Amino acid sequence: MSDAGTQHPVAVIIGMMGAGKTRVGREVSQMMGLPFKDADIEIEHEVGMTIPEYFSQYGEPAFRQVESDLIRRTLDGFGGLFALGGGAPMTPATQDALADYIDGGGRVIYLQADPKEAMERANRGGGRPMLDGGDADARWMRLYEQRDPVFDRIANVHVRTHGSTPQMAARKVMNMIEERVVHVGVVSADDYNVRIGEGAMNHLAPMLGDKPARIALIHTQPVQRHSDRARALLRQAGYEVSDIVIPDAEAGKTVTVANGVWERLGAEGFTRSDAVVGVGGGAATDLAGFIAATWMRGIRYVNCPTSLLAMVDASTGGKTGINTAAGKNLVGSFYTPAGVLADMTTLASLPNDIFIEGLGEVAKSGFISDTEILRILEGHAAELRAFDGASFLGTPLEDVVAELIERTVRVKAKHVSADLKEAGLREFLNYGHTMGHAIEKMEHFRWRHGNAVAVGMVYAAELACLLGHIDRDLVDYHRSLLASLGLPTSWNGGSFDDVLAIMHRDKKARGNKLRFVVLDGGPGRMMHLDDPPADAVEEAFRRIQH
Ligand SMILES: NC(=O)c1ccc[n+]([C@@H]2O[C@H](COP(=O)([O-])OP(=O)(O)OC[C@H]3O[C@@H](n4cnc5c(N)ncnc54)[C@H](O)[C@@H]3O)[C@@H](O)[C@H]2O)c1
Ligand SMILES: O=C(O)C(=O)C[C@@H](O)[C@H](O)[C@H](O)COP(=O)(O)O
């Protein structure tokens, strides 16, 4: 929040009469151990009479004035959960107050109940002056038609509660409150948010907006259950969904696969206003982004990463692309997503080895920028290494992983925001990748990307040490930290000459000169290393072979 010392609500709940704002709000406050206030109850205390009595004595305009004054005060002095009366957000003064609250980091949650259920509940409760005077259902429906578009616009979090018990709805709201959000501001492209948390995928429809009619849902088979959820959310929101299954992992990042998807989009009439959603690991989100970047020269896309590596790295930053016979990611485009939804529940099905691989890119961000990441990895290495998706959700390890994801995405956002097209600063995100990509290519992509990057970082550290940029202790620290996480630190799969030829095709190379990024003095201090001496390049290679 903007002003230090002043308390602000953790969340404000808005919604139609009968949506369950008070019931769900109380449940959430109990689950989170936070105080709860209901604006209508507070008003009744303040004016010393019931709301129907106040309405009949003073009329609606006077009531709305009392209401908006109370809301403004509560937004600037109460640190719990705050539910507003059904009509409150229609008052311009309250809309302004809510906009200020959101600007300061607040969450306005629109609780979207099934209209039929909400209407029934509203009628059952009684004491609702806005429904007095005739057919209550028709009045409710008229109000809904006026209010729904306004609520939809002013809320920054949308929670659909159709078919949910109050407890289920409360859990959804709690997940949204606990969500972490990283804003990626890019000078030459639209800003977007990376949302991290259980239930992040629920933002899919609001993130896509109302322009697309058709959505190409691109995913791999191992994440079918997560793409099924995305499809259900998209269909509920009224989109026409084309389910496009691509080959798994690197086999999906080819021009043949891309061509197959382009043919589907053509046959199914995808236009410029339609959109792509990528669900899966980094390979799937790279391919989905590439399709979005190239179809009609660029359509909207949202990534829903499901592997740790895709959450912390691949899904954000707009590097989209495919592999070719010449090497890894050699064809592609910088094309930013409309948003990224890192839904932590998807990690429940992630195999241990793929989780560990993702830690390679997490450690990279620690080495290049945020040393707190290194401390967290050191402190939790044994638990992280033992990651078991089936028992992961709801454990203290989930908070540790969420913290690592947020920190790593922040590192990525910092580099990408300043240098989208990789003129210099962004290259630091490529730490360990010059050798890493060569290993992947030499291994015909059977080595996982994060594992190859781990070895590549040891290589870069050895090279920096040989040239006097870092001391031996830091090289040893690379090995010990990465090994403690279960990551490889050596590679023996090919000749130096073959690796060197591949490193010359790395995108950082200039002409026939190699270009690496290395540490200079310690973690967080990066430099470019242009055209290093050939004997050091070879000696560092020898040192990663055992
Ligand atoms: N664009 C970028 O900035 C960027 C950054 C880093 C990496 N990458 C790319 O990302 C790729 C590596 O990503 P990756 O490590 O996610 O590998 P991947 O995409 O190959 O996924 C690994 C495996 O895990 C499966 N999987 C993913 N999520 C799952 C889940 N929740 N449950 C069960 N199975 C699941 C996948 O289907 C696949 O079989 C590489 O192609 C790399 O080049 C891109
Ligand atoms: O976002 C970046 O920039 C990166 O370099 C992130 C890397 O971790 C990632 O593996 C990326 O795909 C590498 O890109 P490339 O340009 O070296 O192919």
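In what follows, helices (H or I, at least four residues) and strands (E, at least two) are runs assigned by DSSP and numbered from the N terminus. This is a predicted model, in which local features need pLDDT of at least 70 and side-chain atom pairs count only at pLDDT 80 or more, while totals for chains, interfaces and linings use all residues. Residues are numbered from 1 along each chain as its sequence is written, chains are lettered from A and ligands numbered from 1 in the order in which they are written, and side-chain values use heavy atoms, with hydrogens and water left out.

Q: Which residue is the bridge partner of Ala-11 in E3?
A: Strand E1 (residues 11–14) pairs with strand E3 (residues 81–83) in the parallel sense, over three bridges. In E3, the partner of Ala-11 is Leu-81.

Q: Is Met-176 buried or exposed?
A: Buried means under 20% relative accessible area, exposed over 50%, and partly exposed in between (1.4 Å probe, protein chains only). Met-176 lies in helix H8 (residues 166–178) and touches, among others, Arg-107, Val-157 and His-203. Its C-alpha atom is separated by 7.4 Å from that of Val-157, 19 residues apart along the chain. Because its relative accessible area is 2%, Met-176 is buried.

Q: How many disulfides does a search of the whole structure find?
A: A disulfide is a pair of cysteine sulfur atoms within 2.5 Å. Cys-304 is buried at 1% relative accessibility, and Cys-465 is buried at 16%. The number of disulfides found in the whole structure is zero.

Q: Which residue has its backbone nitrogen 2.9 Å from a polar atom of the side chain of Asn-323?
A: A polar contact is a pair of N or O atoms within 3.5 Å; within protein, one must be able to donate a hydrogen and the other to accept it, and residues adjacent in sequence count only if both atoms are side-chain atoms. Asn-323 belongs to strand E12 (residues 319–324) and is buried, at 10% relative accessibility. The backbone nitrogen in question is that of Asn-329.

Q: How far is an oxygen atom of ligand 2 from an N or O atom in the side chain of Asp-313?
A: A residue is near a molecule or strand if one of its heavy atoms lies within 4 Å of it. Asp-313 is among those that come nearest of the 13 residues around ligand 2. A polar side-chain atom of Lys-364 lies 2.9 Å from an oxygen atom of the ligand. For Asp-313, the distance is 2.6 Å.

Q: Which residue stands opposite Arg-515 in E16?
A: Strand E15 (residues 515–519) and strand E16 (residues 526–530) pair in the antiparallel sense over five bridges. The two form a hairpin with six residues between them. Opposite Arg-515 stands Asp-530.

Technical notes:
Pairing = 2+ DSSP bridges. Contact = heavy atoms within 4.5 Å. Lists of a residue's contacts leave out its neighbours within four places in sequence.
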